[in-house]
Amino acid sequence: TNPGFVVRITQAGLDYAHQQAITFLEKELTQLKLPDISGDFPILRVGKVRYELSRLDLHSFHLPYSRISLVPNVGLQVSISNAFAEVDGNWRVKIHFIRDHGSFDLKVENVYIKINLKLGSDTSGKPTIDTSDCSTRISKVQVHFSGKLGWLYNLFYGAVESRFQKILETKVCESVARSVRGDLQSYLQTLPVTAKIDAVSGIDYSLVAPPTATAQSLDVGLKGEFFSLAHRSTVPFPPLPLALPPDHERMVYFGASSYFFNTAAFTYHAAGAMVFEITDSMIPKGVEFHLNTSTFSAFIPQLEKMYPQTPMKLRLSAPSAPFLSIGPEGLSLKPVVDIQAYAILPNSTLAPLFLLSLVSNVSAVIDVKSGRIVGSLNVGRYGAGVAAGGASVRMLQSIMNIYASSILLPRLNERLDQGFPLPLPDRIQLSNILVRFHQ
């Protein structure tokens with residue numbers, strides 16, 4: 001299935017996310033719980049030395065050099081080099097009748113970590129992430145024991161350093177895997193796959209396929225489809241292929257195709273939301289004519305004879321969902337509007353008078369504010385389509401233009417200014433936003 005909405009995260013965007021992630025990972029690694037270490041170490045002409053290290057505290061873990069890179073068709077790779085850590089704790093040693101204890105500190109240097117991240121999607125269309133591989137290599141460990149028997153500690157500190165190295169190499173990857181599967185996966189799950197817009201519709205932002213890594217970006221294809229909250233039905237037109245322009249300067253790009261907007265029109269039309277009414281009380285003050293049969297009798301004489309000085313109502317509806325097109329100049333559409341005129345009888349019933357179809361040129365301006373797509377419409381002058389019943393085309397054109405500019409347009413633009421949410425995970429804010437239109 002082709003996406004109706006595409007998100008592209010570039011290397012610049014990944015670098016920014018990587019900065020935040022490394023800070024978090026440093027904090028996570030300092031919370032590693034290291035086990036007590038004990039063992040026996042044979043010393044020539046001395047015998048077997050029993051040692052025990054306890055209350056190990058990893059009080060710092062620094063990752064000064066790291067980078068994230070895209071691995072085409074695979075996912076992401078995080079490389080960390082020259083990391084270092086500091087550990088302290090208590091020691092106890094026993095050899096024959098000699099016993100001693102004290103404290104120690106240990107420095108771990110030249111730590112190299114490589115993490116491969118696999119990206120996917122679950123059955124609900126949410127993104128998933130997991131570690132496909134993790135390796136840690138430590139090339140330098142130095143331990144210093146405080147105490148009087150320095151000659152004794154020097155005999156077995158090599159064994160302690162070796163044990164520490166193996167434990168840390170295992171624990172680091174365990175911590176990374178736990179953070180990815182827990183914290184990072186939970187964070188990605190905050191990406192909304194559905195967003196309720198109002199009482200009529202919602203947006204489906206579920207992934208149509210796992211994210212795709214290329215040499216320059218990470219592309220995510222989303223369904224990008226409006227749907228009815230009351231009754232979801234199949235959209236009667238397919239999404240066309242959507243390819244973003246080859247830009248990679250910004251951190252993130254969002255691409256919304258005409259399919260995205262046209263499913264909105266289809267959903268609201270099917271829900272009956274594209275029906276508007278106009279009465280005389282809605283005509284702005286200062287307008288010389290009123291919406292009644294006397295006004296139209298100059299053009300349709302039989303109206304005054306049938307319903308003398310009777311107020312009228314116009315009901316506007318779209319016979320079909322208007323389709324929007326996107327070009328370099330912006331968004332545009334040519335909706336057909338059916339105008340049914342009624343006489344409002346004294347008992348409040350409506351008597352149909354005539355039907356007129358009008359076509360208008362509508363342009364739209366799109367922007368993004370506070371993570372939401374907002375817009376406004378500009379309606380051109382209406383032109384006549386097919387008229388029935390001998391209605392005055394010129395009079396209705398005048399009424400329609402007044403209604404569009406002073407009543408209908410402000411109402412629609414007020415709704416469009418509330419906007420539709422972009423698919424953003426928690427705590428993400430956009431800045432320096434640029435909106436462009438492409439054919």
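In this predicted model, F104 is buried, with a relative accessible area of 3%. The residue belongs to strand 6, which spans residues 98–121. Its ring is paired with that of F145: the two centres lie 6.1 Å apart and the planes stand at 45 degrees, so the pair is tilted. F145 is located in strand 7, and the pair thus links distant parts of the chain, 41 residues apart. F145 is itself buried, at a relative accessible area of 10%, because the limit for a buried residue is 20%.

F145 also takes part in a pair with W91. A pair of aromatic rings is described by the distance of the centres and the angle of the planes. For W91 and F145 the centres are 6.1 Å apart and the planes are at 90 degrees, so this pair is edge-to-face.

A search of the whole structure gives 14 aromatic pairs. Elsewhere, ring pairs join F5, Y205, F226, F254, F260, F261 and F420 into a cluster. An aromatic ring also has a charged neighbour: R232 lies over the face of F227, 4.3 Å from the ring centre.

In soluble globular proteins, nonpolar side chains tend to be buried together. The largest nonpolar core of this model comprises 47 residues, and L53, F61, F104 and F164 are those with the most contacts inside it. Two or more residues of this core are given by each of helix 1 (11–29), strand 3 (47–62), strand 4 (65–71), strand 5, strand 6, strand 7 and helix 2. The largest share, nine residues, comes from strand 5.

L53 shows how such contacts bring together residues from separate places in the sequence. Setting aside residues up to four places away in sequence, L53 touches D36, I37, N90, W91, F104, F145, V160 and F164. Among these contacts are W91, F104 and F145, the residues of the two ring pairs described above. A second, separate core contains 30 residues, including I203, A265, Y268 and A364.

A covalent link also involves strand 7. The model has one disulfide, which joins C134 to C173 with an S to S distance of 2.2 Å. C134 is in strand 7 (residues 127–145) and C173 in helix 2 (residues 150–188), so that the bond links distant parts of the chain, 39 residues apart. The torsion about the S-S bond is about -85 degrees, and the disulfide is therefore left-handed. The surroundings of the two cysteines can be stated separately. C134 is partly exposed, with a relative accessible area of 22%, whereas C173 is buried, with a relative accessible area of 15%. The values fall into separate classes because the limit for buried residues is under 20%.

The loop between strand 6 and strand 7 contains D122. At 27% relative accessibility, D122 counts as partly exposed. Its side chain reaches the backbone nitrogen of K126 at 2.9 Å. When residues up to four places away in sequence are left out, D122 touches T128 and Q189. D122 and S206 are 84 residues apart in sequence, yet their C-alpha atoms are 9.7 Å apart in space.

N73 has a positive phi of about 65 degrees although it is not a glycine. N73 sits in the loop between strand 4 and strand 5 and is exposed, with a relative accessible area of 73%. N432, likewise not a glycine, has a positive phi of about 50 degrees. N432 lies in the segment after strand 23 (420–421) and is exposed, with a relative accessible area of 62%.

Note on methods. Residues numbered from 1 in each chain as written. Predicted model: local features only at pLDDT ≥ 70, side-chain atom pairs only at ≥ 80, totals over all residues. Heavy atoms only, no water. Disulfide = S-S within 2.5 Å. Helix = DSSP H or I, 4+ residues; strand = E, 2+ residues; numbered from the N terminus. Buried < 20%, exposed > 50% of the residue type's maximum accessible area, 1.4 Å probe, protein only. Phe/Tyr/Trp six-rings, centres within 6.5 Å; stacked < 30°, edge-to-face > 60°. Lys NZ or Arg CZ within 6 Å of the ring centre and 35° of its normal. Core = buried A, V, L, I, M, F, W, Y, C linked by side-chain atoms within 4.5 Å. Contact = heavy atoms within 4.5 Å. Polar contact = N/O pair within 3.5 Å; in protein donor to acceptor, adjacent residues only side chain to side chain.
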